Amino acid sequence: IPKHADLQPYNFAVAGHDGTLCDPEGELFIKPCVQQEIDFYEKAFKDHPAFADLMPEYLGTLVLNDASDVHDIEEQIPAAVEHMTQHFKEEAVRMAKQHAADVAAAEAAKEADALAASKDNVSWKPNKSRKIATDKSVVLENAAYGFKRPNILDAKLGQRLWADDAPMEKRKRFDEITKVTTNGSHGFRIAGMRVYKGGENPDEWDQEGYKVYNKDHGRLVVNKDNVVDEIRKFIFNPRANIDEDLGRAVAEAFVNDLKRVEQVLASSETRMYSASLLFTFEGDGDALRAAIENQTPTTPPKEATEKEPVPLASRVDSGIVMDGEGEIILPQGNGTTINGVIEGDVKVLQLAGEAESDDEEFASLPKIYSLKLIDFAHATWVPGQGPDENSLFGVRSLIKIFEELAK
Ligand code: ADP
Ligand code: MN
């Protein structure tokens, strides 16, 4: 039986609902969700590999609704997660058991309270069909894993934020939000943000040293005129040794990944309402520089001369590389295989043909940056209906903004 203390609330969510969990090592992110989100992940990982590449690694689902789960939780981990490492699997099972035990304990306590109350009220009847709201969870790769001080920005996509099944009241409420935020002007808004040693005033930092921007920031402070500068605060931060050069390199890395997102969305047929792009990068400038240097292969690349460009196949989480002087020179796609050429005295790269490490999961740690598409509670596949222009508008605005920041 796992120890209660092992299970942890996930502390790095910058937006969204409560109740997210992670394991002690922080590799997994477990989020209570609706069936629609599970269906969307399943379909993506089954039939749309390029799209799935934009998402956090999907490891499966857990159903955690009553004490019986403690005994048969293992059967609930679908075959679809065959590829997940034994470590992940054991960890998920362990957490699931703990969670189920916690839920059972909470339910028992509620029953006891209700029973106590019923003694004063003969008309009370136990409600057998009562269900906790969080009986399904999706198990994902934790996008913040592998960072020392993850800076995180959740950009909620869309001018239209409500799905076809939304009631009129919700449509009106969300359209009003669109009207008064950058969802209207740019097709996205900052739903939440956290920046290590961010902002002007250290008094505002939390215990771990982060300036946390909650959902009101993106609704009340950010507008069409200051949005570039607000995102500048996310990327550039002299207090954490992220100077102009380093910040520009990060912005350029995000531009490249955003262009990939644009390209994949433009050739996919989805409708996503209130999905987000989750930007994460190393918020400690010294750790960021170290992480970039850490990509150096143990054996130096064969002579890379200007005359003979070095073919490059990168499958690292960052694609930022440095030359011999430590100058940052070449951001590439995130986590995707890219074939290209690189010229000059290159210090950091993975050469084509270099065998990929067995435990690839950990090969690229510590991490530099990550861009992931998340939150598919209101997302569907719509074969035959063409690309999701509503989400694409936001992606294209973000490309322009990050291009501006990379200048
Ligand atoms: P909700 O439906 O509650 O909005 P989201 O999927 O948007 O759920 O997640 C809420 C927050 O949790 C996000 O803003 C982000 O900070 C965090 N989050 C979501 N998915 C991941 C993930 N795979 N790894 C790390 N953090 C995540
Ligand atoms: Mn969300």
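Around ligand 1 of this predicted model, 22 residues form the shell, of which A13, G16, P56, A143 and D375 come nearest; a residue counts as near a molecule if its C-beta atom, placed from the backbone, lies within 6 Å of it. Two or more residues are given to this shell by each of β3 (28–32), β5 (136–141), β6 (150–157) and β10 (276–282), where strands are DSSP runs (E, at least two residues) and helices likewise (H or I, at least four), numbered from the N terminus. Residues are numbered from 1 along each chain as its sequence is written, and ligands are numbered from 1, with chains lettered from A, in the order in which they are written. Local features need pLDDT of at least 70 and side-chain atom pairs count only at pLDDT 80 or more, whereas totals for chains, interfaces and linings use all residues.

By residue type, the shell around ligand 1 comprises 12 nonpolar, six polar and four charged residues, with Ala, Val, Leu, Ile, Met, Phe, Trp, Tyr, Cys and Pro taken as nonpolar, Asp, Glu, Lys and Arg as charged, and the others, Gly among them, as polar.

Strands β6 and β10 also belong to an open sheet of five strands, ordered β8-β7-β6-β10-β13 with antiparallel pairing, two strands being paired if DSSP finds at least two bridges between them. At the edges, β8 (210–213) and β13 (369–374) each pair on one side only. Between β6 and β10 the antiparallel pairing extends over seven bridges, and D154 stands opposite L278 in β10.
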